[in-house]
Each structure stands twice: as structure tokens, then as C-alpha cells.
Amino acid sequence: MMVVTALLSWFLVGLFVRVSRARGWGQKVRVDGPQTHLVKEGTPTAGGVPFVLAAALVFFPLYLTGHAGGPRELIIMLAALAMGVIGGIDDLLKIRSRMTGRGRTELLAREKFPLQFVVSLVFAYFAAPLAAHELLPSLGPVADVILLTLVMVGSVNAFNFTDGLDGLLSGVAIIVLLPLLALSPVSALLVAALLGFLWFNAHPARVFMGDMGSHAIGAVAAGAYVLYADVWLLPLAAIIPVAAVLSVVIQVASFKLRGKRVFKMSPIQHHFEHADIGWPETHVTMRFWVVTAVATAAVWWILGGRP
């Protein structure tokens, strides 16, 4: 089914790119970002929509026929779709604003976070009794729900901040999920869907992922590690998303408190792209993949090299 999902994703993303270009659903590039990104103006965005759809179209028939795992998998997929819808609203606002030249350009943080929190809380309520505890025992029913809620919210935003370079988030997500492919069908299907997407997202990208894709990825990563590995292993495997979200928090806090920036630019991937450092975009992507691979290999070792 991974082959079917990869091919379906490849077809749907390719179709989405053609329709997007015909209709002008292009991404507006931030003028205060890396100057090398200005040539990307007009590249189609919201490419996460077709690859998330591909994964869902394969998953639900398998699940209904008993070939896609049990309740854990349904919890992960529903969380991913719910988070994806939140990100999809953001994508829709961006596209509509660009097309019409008016209206809101994105969901505000004070609107997005409550929605993410509600989805995360529902996920945590159902996931806590089923969660794996490879490293540490349960903290107790209430504490587990609180912890898993925060982990889900954090994961979604961390993976979202990791987007921004051609192929970066796709590759990082694929590597992070590798140790769980034989345990979680949803993770396997998402990896396959990302391979189909990466065909078009590799440098120079013909389509950007957008928030629907990054939100869904963050939800699957959190759900899979919580339910099959251990919640404490996720920050290690997802070291690049953790660094990305921390760089944003540190940058904002430093500027507000001291009026100075710690990084040339945030998230951290753009810091390395800045002219003062000058890593080419492809170098940043490949090196971040390598760091993720080393960290994920450590997680696999901690898990005993299974399965």
C-alpha cells in the first residue's frame, strides 16, 4: 500500500501543481526573508492538501477492512486530519488574499492556538490510556493528558516552523518516522505520500507544502511516538523541528526584552542561509537531514533496534 500511496500522492500533487499554476495560486515570498528566495515568488503553495488527501484515501478503506491497525491508528489519522484542517484554513486565507488582493492573509496566533489546543486535548484524552512508556512510567491519568496535549501542540508548531526550504520538512519528517514504519500504518502511509510530494518539492521546488501539510506531519509524528515509542524520544528524533521552534521563541523574546536579535534570521534554517553565513539552501537542507538521521538513529538504538 505504500507504493499505491506514493503513486497516488505523486499524481495528485502533480495535478494540484498544474491547476495551481493555471489559477495563479502562488506563494507570496516574505521580503524580509533570504534574498535568494525572491525568485520563488508565485510558486504554488498548499501542496500538503493533495498528499494528506492521498494518505487518507488509502488509509480509511484499509482501516474499515481491518488492514490498517486498531484504535491507535484511527486516533493518529483523525488528529492529523483535524490539525490539517486548521492549517488548511491558513493556506486558504493566504491564497484568497493573494488572488483578490484583500482580506486576511493568515490565521492569527490567538485563533490558531486555541484550535490546536482543543484538537490536542481530544487526542490526549483518547491516547493517554494507550500510550507507550519505553523510558519512564506513566505520570498519572491527568498529568499524562496535560503532557500529551502540550506535546501535540508543540510538535505541530515545531514541524510547521521547519518548513521554508525546498525539501527540508519532507525529508526531516520521512527520517523521523522511519523507526515506526513497521508499527504504525499511518506513519508508513504518510512517508509514502511525502515521497510522492518530494518529487515536486525537491530543489528547485515546483510546489510548497503549506500549513495543512506541516500541521498533519506534526500530528502524525507526535501521535506515533506517543503511542508506539515514547513521548520523551520525540524531541531527540525531531531535533531540527525543536531547534526551529526554539530559535523563533529565543529570537522574539530577545528582541522584545533587549531589542537585539540572537540569530541573523529565524527560524534557524534561514539563519544559516543569511548572507553573513552563506550556506546554499541545498546545503542547509542536506545537513539538517544528516543531523536528523543521526538523532533518529540514536532513537532507534534506544528502542533496541526494533522492529
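Hi everyone, let me start inside the protein: the largest cavity has a volume of about 70 Å³. On a 1 Å grid over the protein atoms alone, a cavity is a set of points where a 1.4 Å probe fits but cannot get out, and lining residues have an atom within 4 Å of a point. Grid points are joined across faces, edges and corners, and a volume is the space filled by probe spheres set on the points. By this rule there is 1 cavity of 30 Å³ or more.

Before going on, a word on the model. It is predicted, with local features needing pLDDT of at least 70 and side-chain atom pairs counting only at pLDDT 80 or more, while totals for chains, interfaces and linings use all residues. Residues are numbered from 1 along each chain as its sequence is written, and side-chain values use heavy atoms, with hydrogens and water left out.

Back to the cavity. Which residues line it? They are Val52, Ala55, Met77, Ala80, Val186, Leu189, Leu190, Ala216 and Val220. Two or more residues each come from α2 (48–64), α3 (71–100), α7 (185–201) and α8 (210–228). Helices here are DSSP runs (H or I, at least four residues), numbered from the N terminus. The largest share, 3 residues, comes from α7. By class, this lining has 9 nonpolar, no polar and no charged residues. For the classes, Ala, Val, Leu, Ile, Met, Phe, Trp, Tyr, Cys and Pro count as nonpolar, Asp, Glu, Lys and Arg as charged, and the others, Gly among them, as polar.

Let's stay with α7 for a moment. Of its 17 residues, 14 are buried, so α7 is largely enclosed by the rest of the structure. Buried means under 20% relative accessible area, exposed over 50%, and partly exposed in between (1.4 Å probe, protein chains only). The length of α7 also works out: at 1.5 Å a residue its 17 residues should span 24 Å, and its end C-alpha atoms are 24 Å apart, which agrees. The expected span is 1.5 Å times one less than the number of residues.

Now to the second largest pocket, with a volume of about 230 Å³. A pocket, unlike a cavity, is an open set with protein on both sides within 12 Å along at least five of seven lines. This one is lined by 15 residues, and Val151, Ser155, Leu234, Pro235 and Val242 lie nearest its centre. Which helix gives the largest share of the lining? That is α5, with 7 residues. At least two residues each are supplied by α5 (141–162), α9 (234–237) and α10 (239–258). The lining has 13 nonpolar, 2 polar and no charged residues.

Next, a serine to click on: Ser120, in helix α4 (residues 109–127). Is Ser120 buried or exposed? At 0% relative accessibility, Ser120 counts as buried. Leaving aside neighbours within four places in sequence, Ser120 is in contact (heavy atoms within 4.5 Å) with Met83, Thr149, Met152 and Val153.

On to the aromatics. The whole structure holds 7 aromatic pairs. Rings of Phe, Tyr and Trp (its six-membered ring) pair if their centres lie within 6.5 Å; planes under 30 degrees apart count as stacked, over 60 as edge-to-face and the rest as tilted. Phe59 and Phe60 form an edge-to-face pair, 5.1 Å centre to centre with 75° between the planes. The rings of Phe272 and Trp279 have centres 4.6 Å apart and planes at 20°, so that pair is stacked. Trp279 itself is partly exposed, at 27% relative accessible area.

Ring pairs also link Phe59, Phe60 and Tyr63 into a cluster. Within it, Phe59 is buried, with a relative accessible area of 0%, whereas Phe60 counts as partly exposed at 25%. Phe60 lies in helix α2 and, not counting residues up to four places away in sequence, touches Leu74, Met77, Leu78 and Leu81.

Last, some backbone details. The peptide bond from His203 to Pro204 is cis, with omega near -5°, and Pro204 lies in the loop between α7 and α8. The bond from Ser266 to Pro267 is cis too, with omega near 0°; Pro267 lies in the loop between α10 and α11 (268–273). Finally, Ala46 has a positive phi of about 65° although it is not a glycine. Ala46 lies in the loop between α1 (2–23) and α2, and at 3% relative accessibility Ala46 counts as buried.
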